Amino acid sequence: MKKNKAGIIQSYVWIAICVAGFIINFITYYPGFMTPDSLSQFEQSITQQYESWHPPFMAFVWHLLDIFYKGPQVMLALQLLLLWCSCYVFAKSVENIFGKLFIMFAFFFMPFLQNYAGYVIKDSLMTLSWLLAIAILYKYSADKRRTFFFAFFSALLLLSGAWVRYNALTGLLPLCFVWSWVIFTDKKKIVKWIAAISLFLIIIGGNKLFIDKVIKPVKTYPELPIYMSDLTACFIQTHKNVYPELLYENPNFDTNYIRANYDPARIDNLIWCDKNLIVRNKATAEALKTAWIQTIIESPGSYIKNRYIQFLYFAHIKEKNESAYFVPWVLPNTYGFHVNENSKFYRGFTKYMRAQKNYFYFKPLFWILLNIALFALIPFIKDETGNIYFTGLITSSLLYLVPMFFLVTTDADFRYLYWGCIACTAALLISVHSFLKK
């Protein structure tokens, strides 16, 4: 009885610590850091005129939260709720008091976790949704309890994370296998495989159905920067006219301007420039896609070379623009949203982060190499449950990153690595916990 009472008191203590973490974060990051992407999705949430340049599901969720308050504050609260619920659930999964304290400390001070927790953006929402899903699965693996609510809610978190990020589906598949192995732990492997693949297909199919039938966004063709990046690189390298004839019908299309202003580290200056070089519509997208495929077939070396150069900038092996390893600002806007630069919490956070600017864990290449290196540890994790989580997390991280080689058109945002940072860190912590349980 006394042991049970002590456990209840201890639970309240952990809840109080996590609530304190939520409040401190909310005050520090208020009203939620916003860039042009964030502001665009907020505007869509209040007008309900959704576009496909960014995943419209996030703007749709934001619209639902606007019922309570119109602003980034509600999305900030949602992200921090996911963060600190993850902290509490992970702490509850560990029996050792020092392990619990270490987890609490990590969530408060881990710089590559806190750096984007207050940034209202799809990458943060995806990462924190998946983090809570893994925390819930790990907790109930430890308890050996199986309930419909636990299975449904963890699957819902995996779904919501995948739906707010276009390229998240590759990273989702290993997590579906983790979910299946936990939910159907006593079933045969064939059942687990079928369940994992079924969940994956349901999420993919549901995403398309929900977006097409419910949200109905206006198509704005987010693939255009990829086409323009690869075509322009080939144009510069080979001096061939690789652009489709349709582009030349636009009087603003200027190859001399393109040649003079092309930047392999950031194609946005050609997509969003004042000259309106290309018209963003279906005809342009289809013409560019056809030209892009043809160019890859005819000049594969040029394509691979450009993708390799893009990767060097993405990994900051080549430096052109400073890595946005944290985003402590709100884009100037007409809504009156701005950070409180006089807040001691805000000043302390920015000082703490800037002091670590050159540390290895804010170097993209470190996480890419670590992710690959972690696969060597798989045979040494003998605990089956720990092995499932470890393998699932590092595979998810790697599969999430691999498409970046083919998709990235900018070097500026560390946020593309956010899930990789958290997944690899969680995998390492789970592996340590597995070794200590022996």
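Visitor: Which residues have the most contacts inside the largest nonpolar core?
Guide: Gladly! A nonpolar core here is a set of buried Ala, Val, Leu, Ile, Met, Phe, Trp, Tyr and Cys residues joined through side-chain atoms within 4.5 Å, with buried meaning under 20% relative accessible area, exposed over 50% and partly exposed in between (1.4 Å probe, protein chains only). The largest one has 114 residues, and those with the most contacts inside it are Phe107, Trp130, Leu137 and Leu393.

Visitor: Which helix gives the most to this core?
Guide: First, a word on the model: it is predicted, with local features needing pLDDT of at least 70 and side-chain atom pairs counting only at pLDDT 80 or more, while totals for chains, interfaces and linings use all residues. Residues are numbered from 1 along each chain as its sequence is written, and side-chain values use heavy atoms, with hydrogens and water left out. Helices (H or I, at least four residues) and strands (E, at least two) are DSSP runs, numbered from the N terminus. With 12 residues, the top contributor to this core is helix 7 (residues 122-143).

Visitor: What is phenylalanine 107 in contact with, leaving aside its neighbours within four places in sequence?
Guide: Contact means heavy atoms within 4.5 Å. By that rule, the partners of phenylalanine 107 beyond those neighbours are Leu83, Trp84, Ser86, Cys87, Phe90, Leu113, Gln114 and Leu131.

Visitor: Which residues are linked in a network of salt bridges?
Guide: A salt bridge is a side-chain nitrogen of Lys or Arg within 4 Å of a carboxyl oxygen of Asp or Glu, and the structure holds six. Among them, aspartate 37 pairs with arginine 415 (3.3 Å, N to O), arginine 165 with aspartate 123 (2.8 Å), and aspartate 123 with arginine 415 (2.4 Å). The network links Asp37, Lys122, Asp123, Arg165 and Arg415.

Visitor: How many residues apart in sequence are the parts that aspartate 37 and arginine 415 tie together?
Guide: Both aspartate 37 and arginine 415 are buried. Aspartate 37 sits in helix 2 (residues 36-47) and arginine 415 in the loop between helix 20 (404-407) and helix 21 (418-436), so the parts they tie together are separated in sequence by 378 residues.

Visitor: Is helix 3 mostly covered or mostly uncovered, and which of its residues are buried?
Guide: Helix 3 (residues 56-65) is mostly covered, with eight of its 10 residues buried. Its cover includes helix 2, helix 4 (72-93), helix 7, helix 8 (148-163) and helix 10 (189-215). The buried residues are Pro56, Phe57, Met58, Ala59, Phe60, Val61, Trp62 and Leu65.

Visitor: Which residues are closest to the centre of the largest pocket?
Guide: On a 1 Å grid over the protein atoms alone, a cavity is a set of points where a 1.4 Å probe fits but cannot get out, and a pocket is an open set with protein on both sides within 12 Å along at least five of seven lines; lining residues have an atom within 4 Å of a point. Points are joined across faces, edges and corners, and a volume is the space filled by probe spheres set on them; for the largest pocket that is about 1200 Å³. Helix 2 supplies the largest share of its lining, five residues. Of the 38 lining residues, the closest to the centre are Asp37, Trp53, His54, Arg415 and Tyr416.

Visitor: Which helix gives the most to the lining of the second largest pocket?
Guide: This pocket holds about 770 Å³ of space. Its lining has 32 residues, with Ser93, Val94, Ile103, Tyr138 and His433 nearest the centre. With eight residues, the main contributor is helix 21.
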